[in-house]
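The entries follow the order in which I looked things up.

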Amino acid sequence: MKELDYGKLGARIRQVRKVKGWSQDDLAKRCGVSMSFLGHIERGTRVMSIETFVNICEALDAGADELLWGVIHTPNVVQKMCESESQQEKDKMDSYSMYVRIMKSVAEIMSEA
């Protein structure tokens, strides 16, 4: 299993933030964290919650793979999973089952490395 390097994760977050032209304060406000905590995340000296990571991904419009591993997958894993479902199954899918599917996909990606 691939081990997560928090320093590299933080550097990727910083890189995407700077490409967008945002300050740490801009991203921190969009994610609901303090600028100090975001600084720690970018330096890899603090570990963030899954919720904070999701908020960062959404604010930066970046995929989890891109920030975690530096890998960009197309098409989007979630979109690909949805496309493989029949319309009836998509209609039945609730947010919890989608969350479980996403987490299983992340676990599969991590175990492949």
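I started with Lys29, which is exposed at 62% relative accessibility. I keep in mind throughout that this is a predicted model.

Next I looked for a charged partner. Lys29 forms a salt bridge with Asp25, and the closest N and O atoms are 3.1 Å apart. The two residues are four apart in helix 2, so about one helical turn separates Lys29 from Asp25. I noted the general rule beside this: an α-helix has 3.6 residues a turn, so residues three or four places apart point the same way. Asp25 is partly exposed, with a relative accessible area of 29%.

I then asked which residues of helix 2 are buried. They are Leu27, Ala28 and Cys31. Viewed down the axis of helix 2, these buried residues fall within an arc of 100°, so they line one face of the helix. On the face turned away from that buried side I found the exposed residues Lys29 and Arg30. The cover over the buried residues of helix 2 includes helix 1, helix 3 and helix 4.

Just after helix 2 I checked the backbone. Gly32 has a positive phi of about 75° there.

I counted salt bridges over the model and got three.

The side chains of Arg17 and Glu42 meet in a salt bridge, at 2.6 Å from N to O. This pair links distant parts of the chain: Arg17 is in helix 1 and Glu42 in helix 3, 25 residues apart. Are the two partners buried or exposed? Both Arg17 and Glu42 are buried. Arg17 counts as buried because its relative accessibility is 6%, and Glu42 because its value is 1%; the cut-off for buried is under 20%.

I listed what touches Arg17, leaving aside neighbours within four places in sequence. Arg17 is in contact with Trp22, Ser23, Gln24, Leu27, Glu42 and Leu60.

Arg14 and Glu42 meet through their side chains in a salt bridge of 3.4 Å, N to O. This pair also joins distant parts of the chain, with Arg14 in helix 1 and Glu42 in helix 3, 28 residues apart. Arg14 is partly exposed at 24% relative accessibility, whereas Glu42 is buried at 1%. Salt bridges with shared partners join Arg14, Arg17 and Glu42 into one network.

The nonpolar core

I moved to the packing. The largest nonpolar core has 20 residues, and those with the most contacts inside it are Ile13, Met48, Ile56, Leu60 and Leu67. Two or more residues each come from helix 1 (6-19), helix 2 (24-31), helix 3 (35-43), helix 4 (50-60) and helix 5 (64-69). Helix 4 gives the largest share, four residues.

Leaving aside neighbours within four places in sequence, Met48 is in contact with Leu9, Ile13, Phe37, Ile41, Phe53 and Ile56. Ile13 and Ile56 are themselves among the residues with the most contacts in the core.

Loop and surface

I went past helix 4 to Asp61, which sits in the loop between helix 4 and helix 5. What is the phi of Asp61? Its phi is near 55°, a positive value in a residue other than glycine. Asp61 is exposed, at 67% relative accessibility.

On the surface I found a nonpolar patch formed by Ile50, Val54 and Met103, with about 230 Å² of accessible area together. Met103 lies in helix 8, residues 95-112. Met103 is partly exposed, with a relative accessible area of 32%.

Glu3 is in the segment before helix 1 and is exposed at 72% relative accessibility.

Methods
Residues are numbered from 1 along each chain as its sequence is written. This is a predicted model: local features need pLDDT of at least 70, side-chain atom pairs count only at pLDDT 80 or more; totals for chains, interfaces and linings use all residues. Side-chain values use heavy atoms; hydrogens and water are left out. A nonpolar core is a set of buried Ala, Val, Leu, Ile, Met, Phe, Trp, Tyr and Cys residues joined through side-chain atoms within 4.5 Å. Buried means under 20% relative accessible area, exposed over 50%, partly exposed in between (1.4 Å probe, protein chains only). Contact means heavy atoms within 4.5 Å. Patches are made of residues with over 30% relative accessible area and no salt bridge: like charges are joined within 9 Å, nonpolar side chains (Val, Leu, Ile, Met, Phe, Trp, Tyr) within 5 Å. Accessible areas come from the Shrake-Rupley method with a 1.4 Å probe; for residues, only the protein chains shown count as cover. A salt bridge is a side-chain nitrogen of Lys or Arg within 4 Å of a carboxyl oxygen of Asp or Glu. The arc is that of the directions from the helix axis to the C-beta atoms.
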